Amino acid sequence: TDFTDPGVTHYSEAAPGRDIVRAGEEFPAGARSAGRGDWIDPGLAGSRASLGLALVRVFRRPRVGLISTGNEVVEADQPAGGAHIRNSNRYALAAACLKAGAEPVYLGRAGDVIEDIAALMTRGLETCDMVCSTGGVSVGDFDLTPAALEAVGAETLVRGVRMTGAIESYDEVRFAASDAILMGVFSAGILLCWAADKFSLLGDL
């Protein structure tokens with residue numbers, strides 16, 4: 001094929017119907033252009049627009065409240081001396097939420113005080129679809145997350161996930177309260193799951 005100013009010269013043999021896009025060729029009658037749970041990426045947005053579907057019903061992204069606990073925890077931009085550890089779980093969980101399509105909401109850090117932890121959980125239950133707290137669910141004297149969960153009226157659904165590896169103990173506590181989900185996770189459990197590339201925040205709930 002040659003393209004010149006006067007016109008176009010086509011040298012190959014032409015056949016009836018060749019290079020014609022017929023109605024329904026991209027989407028046959030009755031075919032679904034998208035389904036429940038599909039991400040609306042640029043391709044899907046464009047293809048639906050070509051079908052005259054300018055608006056689409058979508059779900060609001062779930063809001064996941066994140067709570068950090070422990071007197072030893074300091075924020076990432078604060079100096080960490082002595083027995084302090086930086087709040088890396090806050091950022092790891094926030095990134096996991098975004099990757100899963102959720103909206104992370106950092107509710108704050110509470111020290112080893114039942115009332116303070118319960119206050120953050122209550123605020124999370126009022127504003128979020130799920131609340132995930134880290135720390136305070138092992139068996140030490142200052143592991144107060146289970147008591148805080150009971151203080152807000154949570155019902156225990158599962159307590160204890162035996163993990164293979166460096167830690168052979170109960171690493172996770174999961175509760176449900178109201179219409180939201182509360183989940184307390186032992187910090188080391190997050191690191192082990194992440195290292196094993198098996199970390200999933202929302203997919204298994």
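Biologist: In which loop does Tyr11 lie?

Modeller: Tyr11 lies in the loop between β2 and α1, where strands (E, at least two residues) and helices (H or I, at least four) are DSSP runs numbered from the N terminus. The model is predicted, so local features need pLDDT of at least 70 and side-chain atom pairs count only at pLDDT 80 or more, while totals for chains, interfaces and linings use all residues. Residues are numbered from 1 along each chain as its sequence is written, and side-chain values use heavy atoms, with hydrogens and water left out.

Biologist: Why is Tyr11 called exposed?

Modeller: Its relative accessible area is 58%, and exposed means over 50%, buried under 20% and partly exposed in between, with a 1.4 Å probe and protein chains only; Tyr11 is therefore exposed.

Biologist: And why is Ile40 called partly exposed?

Modeller: Ile40, found in the loop between β2 (8–9) and α1 (42–50), has a relative accessible area of 45%, and is therefore partly exposed.

Biologist: What makes the pair Tyr11 and Asp2 a polar contact?

Modeller: Their side chains are joined at 2.7 Å, whereas the definition asks for a pair of N or O atoms within 3.5 Å, one able to donate a hydrogen and the other to accept it within protein, and residues adjacent in sequence count only if both atoms are side-chain atoms; the pair therefore counts as a polar contact.

Biologist: Which residues does Tyr11 contact beyond its neighbours within four places in sequence?

Modeller: Tyr11 is in contact with Thr1 and Asp2, contact meaning heavy atoms within 4.5 Å.
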